[in-house]
Each structure stands twice: as C-alpha cells, then as structure tokens.
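Student: I'd like to learn how to read helix packing and domain contacts from a model. Could you walk me through this one?

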Amino acid sequence: MGFYPKKVNERFNSPKHIGILEETNAQAKWASFVCGISVSFFLLIDDKTKEIKDAKFKTNGCGYVVATADFLCENIIGQKLTELHGLDDLEVEVIKEFNDFPDNRRHCLDTCFDALQNALAKYRTSQIEEWMGEKALICTCFGVSEEKIEAEIEQSNLETVEEVGEICNAGTGCGSCQPLIQDILDSQGFD
Ligand code: FES
C-alpha cells in the first residue's frame, strides 16, 4: 500500500501522457492557489474534424494531480470537441475511476479541469481569430454565432446556458464558450 489510494498510486508511478507535445495548437497552464501547484495541458486538435489527436500534461503537483491529468489525457484523445459535453461526463468518469479520491483533495481535480478548460478556450480563441464570418462566432464546436444565440434567446425566452444548449447545441461541446453565452443572456435579460 503506497501513500496514495491504489489507482492513484498506479498512475502516479507510471503516467502515460506526461511531457510536452512537439506539435500543439492548444496549450494552457493553470495554478492552484490552495496548494501552489500548476498544471499545463498540451493538445493537438484537428482543425477540420475537431478531433483531439494527442494530449500531454506537465505538473509540479502531487500524485492526485498526476493521476487526474493522466486520466484526462487518456480519455480525451480520440474524442471530438463536440463530444465532450462541457467536460461534465469526464468529471463523472474521473470520480468513478478514483472513487477513493478524498474530499480534501478536490482542488487537485479542479485544477486539472481548469487547466484543460483553459487549453480548450485558447483553441477556441485561435479559431475565432481565423473566422471570416460577419457576425461574432461564439461556439466554435458547433459553429453558432452571436446573432443566432440572441435570436434563440428572444424567440424561446431562454434564461440559462443549459436552455441555450438544448435549443442550438451552443456550449455543449468543450464548454469553453459557456461564459460568453452567459454574457449574452445577461445583456439580453433585463431590458
Ligand atoms: S466552443 Fe466548444 S462548446 Fe462552444
């Protein structure tokens, strides 16, 4: 029995996805203020198919961080951004895999998710910079513009990000456009 629970220990001792990707088009670092560690994710995303072709991570964190980041890399490789469901499914998977993950190490898990979400947001920003359409593109996973979201909110009296997702898919892929959808809801909501 090691210092960590069995499954965390196994991954900590032999992570498969630790390191830096030579070729990457989405990378980001995130730090935890709780314990002062940082996690970086490096992704290679196919611009046409939006499939995550490869993923690696780097961290100075503990075994819980290494295990979570390694598990995340393993589970996103081969997935399309449109299949990520805002990372909710992945969170369920991580908790199921490490079911003995103690509550007081929850910030280790959160830091990994924040770092991954940030890398996806960076990719999204790079796609928007290349976007040639006239209206602002909000959701790059599903190609949904600001105009379309505004129209759906008005037409169906939508009040939440989830409701917008149900109607036009925006925000239900990688999830990194959800704060912008919330901004649109806020700006349209009360006048
Ligand atoms: S940009 Fe990925 S869900 Fe909207």
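**Confidence first, then packing**

Tutor: Let's start with confidence, since this is a predicted model. Among the elements of the protein, strand 3 (residues 52–59) has the highest mean pLDDT, 98, and helix 3 (residues 88–97) has the lowest, 90.

Student: What does the protein average in pLDDT, and what share of the residues score at least 70?

Tutor: The average is 91, and 97% of the residues score at least 70.

Student: OK, on to helices. How are two packed helices described?

Tutor: By two numbers: the angle between their axes and the distance between the axes. Take helix 2 (residues 63–76) and helix 4 (residues 106–130): their axes are 8 Å apart, and they pack at an angle of about 40°. That angle makes helix 2 oblique to helix 4. As for hand, the crossing of these two helices is right-handed.

Student: Which residues in helix 2 and helix 4 meet?

Tutor: From helix 2, look at Tyr-64, Val-65, Thr-68, Ala-69 and Leu-72. They meet Cys-108, Leu-109, Thr-111, Cys-112 and Leu-116 in helix 4. Sorted by class, that contact has eight nonpolar residues, two polar ones and no charged ones.

Student: At what angle do helix 1 and helix 2 cross?

Tutor: Roughly 80°, with the axes of helix 1 (residues 6–13) and helix 2 coming within 8 Å. Angles of 65 to 115 degrees count as roughly perpendicular, so helix 1 and helix 2 are roughly perpendicular to each other. On the helix 1 side, the contact is made by Val-8, Asn-9, Arg-11 and Phe-12. Helix 2 brings Gly-63, Tyr-64, Val-66, Ala-67, Asp-70 and Phe-71. By class, the residues of this contact split into six nonpolar, two polar and two charged.

Student: And how do helix 5 and helix 6 cross?

Tutor: At roughly 105°, and the axes of helix 5 (residues 146–156) and helix 6 (residues 161–168) come within 10 Å. Helix 5 and helix 6 are therefore roughly perpendicular to each other. Here Lys-148, Ile-149, Glu-152, Ile-153 and Ser-156 in helix 5 meet Val-164, Ile-167 and Cys-168 in helix 6. That contact has five nonpolar, one polar and two charged residues.

Student: Let's zoom out. Where do domain 1 and domain 2 lie in the domain assignment?

Tutor: The assignment puts domain 1 at 6–129 and domain 2 at 132–189. Taken over C-alpha atoms, 25 Å separate the centres of domain 1 and domain 2. Their contact takes 13 residues from domain 1 and twelve residues from domain 2.

Student: What classes are found on the side of domain 1 that touches domain 2?

Tutor: On that side of domain 1, six residues are nonpolar, five are polar and two are charged.

Key:
Residues are numbered from 1 along each chain as its sequence is written. This is a predicted model: local features need pLDDT of at least 70, side-chain atom pairs count only at pLDDT 80 or more; totals for chains, interfaces and linings use all residues. Domain bounds come from an automatic or database domain assignment. Two residues are in contact if their C-beta atoms, placed from the backbone, lie within 7 Å. Ala, Val, Leu, Ile, Met, Phe, Trp, Tyr, Cys and Pro count as nonpolar, Asp, Glu, Lys and Arg as charged, and the others, Gly among them, as polar. pLDDT is the predictor's confidence in each residue, from 0 to 100. Helices (H or I, at least four residues) and strands (E, at least two) are DSSP runs, numbered from the N terminus. Axes are lines fitted to C-alpha atoms, for helices over the stretch in contact, and angles run from 0 to 180 degrees between N-to-C directions. Angles under 35 degrees count as roughly parallel, over 145 as roughly antiparallel, 65 to 115 as roughly perpendicular and the rest as oblique. A crossing is left-handed if the near helix is turned anticlockwise from the far one by less than a right angle, and right-handed if clockwise.
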